[in-house]
Amino acid sequence: MSAFTNKIDFLSIITVTKANPNGDPLNGNRPREDYNGYGEISDVCIKRKIRNRLQDMGERIFVQSDDRCDDGAKSLKDRADSVDELKKEKSKDKYAEIACKEWIDVRAFGQVFAFKADSVSVGVRGPVSVHPAVSVVPVDISSMQITKSVNSETKKKNDVEVDGKSSDTMGMKHRVEFGVYVLKGSINHQLAEKTGFSDEDAEKIKEALATLFENDASSARPDGSMEVKKLYWWKHSCPMGNYSSAKVHNSVKVFLKEGVDTPKSFDDFEIEYTPLEGIECEIIEGR
């Protein structure tokens, strides 16, 4: 793989239609929002989706979700110990180097390797940083009461099966009626050099971001309810970057059209992009 050449910034515009993009377990799994009502998707949630897409593309992933485990490992320690070189390595620098070569998410996002009974505790800082995605305007969250129409277990009395249906279990589902979210991130050259993150890896991250919600359907996020509308991908002309990431991200403005009070579709928003001199920008339309 070739070395990572120049700094990269990216920005993605995402729509959410009647879905829960990221539930908050501390708030009854309602879609995350800040105190001003703006919707949020955590950076952890976004990285999970990027990892899943990279895994779909055939890449080796260290932090796998249980339902997507492809190597039989029951824990992160099991996965680390499955690599013989890591199991016997005592040098922190060498341990980090091996782990970065082994798994793309380690060399992209970094990872802390700290397990009980191990003498080695290793921290890796990754070059790919992702902001929480935030909605352009406050989101309208609706709630729906749901019931269970079947018995979970056979009803018995004195060890004898009896007829009768148990009381329906009540629950709630929450969703964002419609929202436009902006996701921002960057890839740092200095940290990429340390983890071995390459230009080829950057292309894979770009592909993952462009197809972020493929194979991500659930009852809270039905297929088609979340969509990447545009992905802006800036490649600087020097390793340290022509501009700060903040200036690059701020070159894209998304705002509600005049006269629209409650947005119902992406057409209710406008995008204003101001190109920056000396920096390439690839704009990828939603697929």
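**Buried charges, nonpolar cores and cysteines in the predicted model**

Lys7 and Asp9 are both buried. In this predicted model, the side chains of Lys7 and Asp9 meet in a salt bridge, with an N to O distance of 4.0 Å. The structure holds 23 salt bridges. Another of these joins Asp216 to Lys49, whose closest N and O atoms are 2.9 Å apart. This pair links distant parts of the chain, since Asp216 lies in the loop between H7 and S13 and Lys49 in helix H1, 167 residues apart. Asp216 and Lys49 are each buried. A salt bridge is also formed between the side chains of Glu177 and Arg175 (2.9 Å, N to O); Arg175 is partly exposed, at 27% relative accessibility. Side chains of opposite charge can pair when their charged atoms come close.

Helix H1 also contains Arg51, which counts as buried at 9% relative accessibility. When residues up to four places away in sequence are not counted, Arg51 touches Ile61, Val63, Asp105, Phe109, Gly110 and Gln111.

The largest nonpolar core comprises 38 residues, of which Ile50, Leu183, Ile187 and Phe197 touch the most other members. At least two residues of this core are supplied by each of strand S1 (8-19), helix H1 (43-56), helix H5 (104-109), strand S7 (128-130), strand S12 (170-187), helix H7 (199-210) and strand S13 (226-235). Beyond its neighbours within four places in sequence, Ile50 is in contact with Phe109, Ile205, Ala208, Leu209 and Leu212. In soluble globular proteins, nonpolar side chains tend to be buried together.

The loop between H7 and S13 is also the place of Ala217. Ala217 has a relative accessible area of 46% and is therefore partly exposed. With neighbours within four places in sequence left aside, Ala217 is in contact with Pro222 and Asp223.

A search of the whole structure for disulfides finds zero. For Cys281, the closest cysteine sulfur is that of Cys238, at 16 Å; this is too far for a bond, because a disulfide requires sulfur atoms within 2.5 Å. Cys281 is partly exposed, with 25% relative accessibility, whereas Cys45 is buried, with a relative accessible area of 14%.

Note on methods. Residues are numbered from 1 along each chain as its sequence is written. This is a predicted model: local features need pLDDT of at least 70, side-chain atom pairs count only at pLDDT 80 or more; totals for chains, interfaces and linings use all residues. Side-chain values use heavy atoms; hydrogens and water are left out. A nonpolar core is a set of buried Ala, Val, Leu, Ile, Met, Phe, Trp, Tyr and Cys residues joined through side-chain atoms within 4.5 Å. Buried means under 20% relative accessible area, exposed over 50%, partly exposed in between (1.4 Å probe, protein chains only). Helices (H or I, at least four residues) and strands (E, at least two) are DSSP runs, numbered from the N terminus. Contact means heavy atoms within 4.5 Å.
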